Amino acid sequence: MELLYVYIESYGVLKQQEFNLSGNHRFQFRDKKLEIIRKQETVPVDFFGRHVTNVSCLIGENGSGKTSFFRFVVQELVSGHQNESSAFIAVYKNSPDPTGIFPERKYSFFSRNMGDLDFDSEFEKLRDLPE
């Protein structure tokens, strides 16, 4: 599984922050709508080697929220020790199912405390895009 995008409505010092982590897509959340845009220039296959699919970096001034973002990822998305008051959207590229038992869905999203969101039409666009 690859984390492609995170929108954080509120988590510590992070307020209404977007983090685009994909080398092939750009995500933008505005007015309760998530827009997904295929980047014109993408990273060539195996550019980073066979086992590395993407490299992202997070830069900013002291106090801008770099550590808070990584704390968010670990606490909210990885460890399961969730803060019920945080509000966010996370978009993932799923790993292929090696068993072939489950229908393959390349992309999925998870949100908390963001109200009613309908991303199905945008995810249909992703389904039809080349890798």
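Guide: One definition before we start: helices are DSSP runs of H or I with at least four residues, strands are E runs of at least two, and both are numbered from the N terminus. Also, keep in mind that this is a predicted model.

Visitor: Okay. How many helices and strands does the protein chain have?
Guide: There are 2 helices and 6 strands in the protein chain.

Visitor: And what pattern do they follow along the sequence?
Guide: The order is β-β-β-β-α-β-β-α.

Visitor: What share of the residues is buried?
Guide: The chain has 131 residues, and 31% of them are buried.

Visitor: Which way does β5 pair with β1, and over how many bridges?
Guide: Antiparallel, over 7 bridges; β1 spans residues 2–11. Within that pairing, A87 of β5 stands opposite S10.

Visitor: What about β5 and β6?
Guide: Those two also pair in the antiparallel sense, here over 6 bridges. Strand β6 is residues 107–112. Look for Y92, whose bridge partner in β6 is S108.

Visitor: New topic. Where does F19 lie?
Guide: F19 is in strand β2, residues 14–20.

Visitor: Is F19 buried or exposed?
Guide: F19 counts as buried, because its relative accessibility is 10%.

Visitor: Which residues does F19 touch?
Guide: Leaving out residues up to four places away in sequence, F19 touches L4, Y5, V6, I8, L14, L58 and F69.

Visitor: How far apart are F19 and L58?
Guide: In sequence, 39 residues. In space, 8.8 Å from C-alpha to C-alpha.

Visitor: What about contacts in the whole chain?
Guide: Take the contacts with a separation of 6 or more: 50% of them join residues 24 or more positions apart.

Visitor: Which residues make the nonpolar surface patch?
Guide: V43, F47, F48, V52 and V55 form a nonpolar patch of about 420 Å².

Visitor: Where does F47 lie?
Guide: F47 is in the loop between β4 (33–38) and α1 (66–79).

Visitor: And is F47 buried or exposed?
Guide: F47 is exposed, because its relative accessible area is 56%. The cut-off for exposed is over 50%.

Methods:
Residues are numbered from 1 along each chain as its sequence is written. This is a predicted model: local features need pLDDT of at least 70, side-chain atom pairs count only at pLDDT 80 or more; totals for chains, interfaces and linings use all residues. Side-chain values use heavy atoms; hydrogens and water are left out. Patches are made of residues with over 30% relative accessible area and no salt bridge: like charges are joined within 9 Å, nonpolar side chains (Val, Leu, Ile, Met, Phe, Trp, Tyr) within 5 Å. Accessible areas come from the Shrake-Rupley method with a 1.4 Å probe; for residues, only the protein chains shown count as cover. A salt bridge is a side-chain nitrogen of Lys or Arg within 4 Å of a carboxyl oxygen of Asp or Glu. Buried means under 20% relative accessible area, exposed over 50%, partly exposed in between (1.4 Å probe, protein chains only). Contact means heavy atoms within 4.5 Å. Two strands pair if DSSP finds at least two bridges between them.
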